[in-house]
Amino acid sequence: MTSSDGSHGPAKGEESVAERVWLREVGPRDGLQNESVSVPTDVKVELVERLADAGLTSIEVSSFVHPKWIPQLADADEVFARIRRCPGVEYSALVPNERGLERALKARVDAVHVFMSASESHNRKNINKSIDETYPVLQPVIQQAHAAGLPVRAYVSTVFGCPYEGRVPIEQVLRVVDKLLELGADEVSLGDTIGVAVPTQVTAVVEAVARRAPLDRISLHFHDTRGMAAANVYAGWLAGIRHFDGSIGGLGGCPYAPGATGNVATDDLLYLFHGMGVETGVDADRLQETAAWLEEKLGKPLPSHARQVARSACAG
Ligand code: HMG
Ligand code: MG
């Protein structure tokens, strides 16, 4: 049976996995932060609205970091002010410190995403602090977000490898995870910032982190630099993870991680999960329409496999 996204789901009568995963769309933040062309605010607003219309219920809209560090997202306040909000959709943003939280609360975010790295060098390049100096910055952010009734997700970057230090020992990752949980993070997102992980590593890391936090408080965030992201998502899913990040068309990267390319594409995750009979709640056709629209706005093709297939089908 061919589904609307072109994937071959279970045939009629065939046992369905009857499962569900939750996808968080990070394209408007992780994707656009790495675009060399400046994307007009209108396009960002329409992108977020289209993503919600396609059925994504968790969208990382932008980032309240220092605008000099990430000029591409300097209009975060305006994007939040202008988006039409759909009931049931969580509109979140990256927040590095109390100044960022102040802006995020004013913008009426639904969830706060703090972030730091498992490796010293990346943490310093990305947020200008050592790992130990970062905790006292994040502690009041987490406390104040909770006091405002907002959930806090904590990204741990460079979990599977650092652009400056190479392999990151799992003990180092666990130290950071433990501290963030102790500070009150509701969820930890394990980030393969530069796309170096392989599935066996994912299994080992998820098993270790799952001894500290229930699986529904852990999510996975893969970049697809080496084409391993779908395999890594599958390994995470087999290990019991049900929350994954993706970006439309595979947009993305981290400006402070040389060589990092886009996130695993949300459209490719739909092919993977729908093909396995796992529900996502996302309409693959509407997402494709939005990816095609975004390509036009950016003036370039997006790298996902789903987009490549769609473009070659159009070319006939
Ligand atoms: P800093 O320069 O050390 O900041 O930057 P500071 O605290 O010393 O403050 C200096 C000035 O900046 C002050 O102004 C502050 O008010 C102002 P002054 O008093 O001099 O006039 N300031 C701010 N202004 C607006 N908004 C703010 C803010 N904070 C301070 N939030 C800082 C430290 C963390 C702010 C900076 O390093 C920064 O913004 N870094 C962001 C880097 C970034 O966004 N990287 C990409 C996202 S992470 C990622 O992509 C990885 C992820 O996807 C997961 C994965 O893939 O692994 C999440
Ligand atoms: Mg990222």
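**Figure 1. Helix H4 in the shell around ligand 1.** In this predicted model, H4 contributes three residues to the shell around ligand 1, the most of any element. H4 runs over residues 98-106. Helix H1 (27-31), helix H5 (120-127) and strand E6 (152-157) are the other elements that give two or more residues to this shell.

**Figure 2. The residues around ligand 1.** The ligand is surrounded by 27 residues. The closest are His-66, Asn-97, Asn-126, Asn-128 and Thr-193. Sorted by class, the shell holds eleven nonpolar residues, eleven polar residues and five charged residues.

Figure 3. At His-66, a backbone N or O atom is 2.9 Å from an oxygen atom of the ligand.

**Figure 4. The largest pocket, where ligand 1 sits.** Ligand 1 is found in the largest pocket. The volume of this pocket is about 590 Å³. It is lined by 33 residues, and those closest to its centre are Val-65, Pro-96, Phe-115, Asn-126 and Ile-127. Asn-126 is also among the residues closest to ligand 1.

**Figure 5. Elements and residue classes in the pocket lining.** Two or more lining residues of the largest pocket come from each of H1, H4, H5, helix H6 (131-147) and E6. Which element gives the most to this lining? Helix H4 does, with three residues. By class, the lining of the largest pocket divides into 14 nonpolar, 14 polar and five charged residues.

**Figure 6. The cavity in the structure.** How many cavities of 30 Å³ or more does the structure hold? There is one. The space in the largest cavity is about 30 Å³. Its lining is made up of Pro-28, Leu-32, Lys-44, Val-61, Ser-62, Leu-73 and Val-79. Five of these lining residues are nonpolar, one is polar and one is charged.

Notes. Residues numbered from 1 in each chain as written. Chains lettered and ligands numbered in written order. Predicted model: local features only at pLDDT ≥ 70, side-chain atom pairs only at ≥ 80, totals over all residues. Heavy atoms only, no water. Near = heavy atom within 4 Å. Polar contact = N/O pair within 3.5 Å; in protein donor to acceptor, adjacent residues only side chain to side chain. 1 Å grid on protein atoms, 1.4 Å probe; cavity = no way out; pocket = protein on both sides within 12 Å on 5 of 7 lines; lining within 4 Å. Sits in = over half its atoms within 2 Å of the grid points. Helix = DSSP H or I, 4+ residues; strand = E, 2+ residues; numbered from the N terminus. Nonpolar A, V, L, I, M, F, W, Y, C, P; charged D, E, K, R; others polar. Points joined across faces, edges and corners; volume = space filled by probe spheres on them.
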